[in-house]
Amino acid sequence: MALNVSSRLTRSIFRVLASRSVIPVSRRMVTTSCGTHLRCLQHMRVIRYDGTSLRSFSSSSQPSIDVSYEQLKKLLLSESSVVIDVREPWELREYGNIPGSINVPLGQVNTALQLEPDEFKEKYGGDMPSQSQNIVFTCLAGVRSKTALETAASLGYTKVQHYPGGWQEWAERQLIKTKQ
């Protein structure tokens, strides 16, 4: 009986989430011949979850993972966040960097966020963020910054975000701004 109730509840939750476009649902049906305990799975749709869709529906007061260009500019002006650029140093020399950001290459993020604050400052030239401080990761186009965000979250950092536009969007917007 408990299995039957659990099965109905699970199906209901999946239907609600699918109807709200929170998670994508495929049309393929699950079939099984494993006996009565798995019978509840016979008519359930297969759900594929990519790990990102539910985040924006959180009831917590934590800000969204993604930061827009305008939001990043405000955060830099207010100095309320630490902006970490995870590109390689040669990329910053070649293309430029977001003023006020600290360069910590992606391969060093895990170790860097576990250093003592004075070691971090000496090696990277900026103040080390605390685990409760807002951190915004950026890179060239938003791919490596997402990886850095996941690394920081796994280390216990609670307010981590990334700028998906990266240096490409920043440079484009700044160029447009200077032409006006």
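1. Asp85 stands opposite Asn103 in β4. In this predicted model, local features need pLDDT of at least 70 and side-chain atom pairs count only at pLDDT 80 or more, while totals for chains, interfaces and linings use all residues. Residues are numbered from 1 along each chain as its sequence is written, and side-chain values use heavy atoms, with hydrogens and water left out.

2. Strand β4 (residues 102–103) pairs with β3 in the parallel sense over 2 bridges; pairing requires that DSSP find at least two bridges between the strands. Strands (E, at least two residues) and helices (H or I, at least four) are DSSP runs, numbered from the N terminus. β3 also pairs with β5 in the parallel sense, over 5 bridges, and Ser81 stands opposite Asn134 in β5.

3. Of the residues of β3, 5 of the 5 are buried, so this strand is largely enclosed by the rest of the structure. Buried denotes under 20% relative accessible area (1.4 Å probe, protein chains only). Ser81, Val83 and Asp85 lie on one side of β3, and Val82 and Ile84 on the other.

4. In helix α6 (residues 144–154), the buried residues are Ser145, Ala148, Leu149 and Ala152. They fall within an arc of 105° seen down the axis of α6, so they line one face of the helix; the arc is that of the directions from the helix axis to the C-beta atoms. Just after α6, Gly156 takes a positive phi of about 100°.

Key. Buried means under 20% relative accessible area, exposed over 50%, partly exposed in between (1.4 Å probe, protein chains only).
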